[in-house]
Amino acid sequence: YEGGTAPADNAFGVDLAEQQGADTPAWYAPSMYNIVRQDGRDVHIVIKPDQECSVNSGLGSVRGARIAEMSYSRQRNTQLQRLTDPLVWRYGQLQPTSWDDALDLVARVTSAVIAEQGEDGLFVSAFDHGGAGGGYENTWGTGKLYFGAMKVKNIRIHNRPAYNSEVHGSRDMGVGELNNCYEDAQLADTIVAVGTNALETQTNYFLNHWVPNLRGTSLDKKKAEFGNEPVAQGRVVIVDPRRTVTINACEIEAGKDNVLHLALNSGTDLALFNAWFTYAAEKGWIDKTFIGASTKDFDKAVAANKVSIAEAAKITGLSEADIVKAVTWIAEPK
C-alpha cells in the first residue's frame, strides 16, 4: 500500500496536495527512509526526528538523521556499507581478515603490552556511537571484552579521552564528570566555550539551546526558574585561537556586544583559567557555602594556582581588559 495525498491516506494526517510550511513535520529526507525486511517481508520505514523532543525539537544530526538510511537493506544496497569481516592495517592499508586472525592479533598485542608494562599499561580506543543500533551493539561487544575479560582501566571512546558521557569542556582534562543539562544553555547568564566549534560539532545543542538564550527568547524560562533574580539575554565567552563559524553565528544571534572571543596563544588556556580563578577568589565572587560543603583545601588551591591578570596577559597574548571582562561576565554577582 503506497498511501495517498489525502489526510486519511497518509501517516501524517495532512493534505499533501497542499504546499507544506518550512517547519512542517509532514516531511522527511531521503536519508530518513529505507526498505527493510520484517517478519519475512519488505516494509517501508521512516525514522525522523521528533518535534516534541525537548533535546532536538525536530532537528537531526548527521548521524541521527541517517539511522534509517544506514539500516540493513538489500533493496537499496545499504548492506554494502556494512563490514562483513574484521579489518587489519597491513602493507599500508586496511585489509579484510578472519576473526581468528584479528582476535589472535589483539591477544598477542595485549599480552606483549602487559608483559612489558603491566596491566595498567594497556590503553584501549573503542568505537562507541553508530546509527541503526550499531553503537549499542558494538559498545556491548567491546565492553564485554575489555571490561569483563581484560579488566582494563584505561579506555577512551568516540571523540573524547575517557569512557564518559557527552560532556562539554572539562573532559579535555581527562575528567569523566557527569553530563551537563542541555537546558542550562538556555538559562545561563554567560555561556563559556573552550576550544569547541559548537555550530559544526554540536549543531543541535547549539541551535536548539544556545541560540534561544543568545537571542533573548528564553527570558520567560529564566524568570520561571530564578524568580525575582534579574535576567537578561545571554552572553558568550569563546576561548579559541581560531575564528570559527560558531563565533560568527553567535555575533549574528546575540550581537557583537554580547560575544567575547578570546583568541589566545595556542596552549595557554590553563594560564587564562588560573587568572580567572585568582581574580574571582580575590574579589570574593565565590560560593563559600558550596565550597565549604563540597571541597577541601580551597585556600591551598588558590595559592598553588595563583596567576595575576598581568601574567596571564603576557602568556596568552590577550589584553588585560578582555581577561577581566570575561571573568566579570562569568562570575560577578548580580
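D240 is buried, at 1% relative accessible area; buried means under 20%, exposed over 50%, partly exposed in between (1.4 Å probe, protein chains only). Its side chain meets that of R242 in a salt bridge, 2.6 Å from N to O. The term covers a side-chain nitrogen of Lys or Arg within 4 Å of a carboxyl oxygen of Asp or Glu. R242 is partly exposed, at 44%.

This is a predicted model: local features need pLDDT of at least 70, side-chain atom pairs count only at pLDDT 80 or more, and totals for chains, interfaces and linings use all residues. Residues are numbered from 1 along each chain as its sequence is written, and side-chain values use heavy atoms, with hydrogens and water left out.

The structure holds twelve salt bridges. Three of them are tabulated here.

| Pair | N to O distance |
|---|---|
| R242 and D240 | 2.6 Å |
| K221 and E183 | 3.2 Å |
| D120 and K153 | 3.7 Å |

D120 is partly exposed, at 46% relative accessibility. K153 is exposed, at 64%. D189, E229 and K334 form a salt-bridge network.

D240 is also in contact (heavy atoms within 4.5 Å) with L262. Other partners of L262 include V237, L272 and W276. L262 belongs to the largest nonpolar core, which has 20 residues. Such a core is a set of buried Ala, Val, Leu, Ile, Met, Phe, Trp, Tyr and Cys residues joined through side-chain atoms within 4.5 Å.

Methods. Lists of a residue's contacts leave out its neighbours within four places in sequence.
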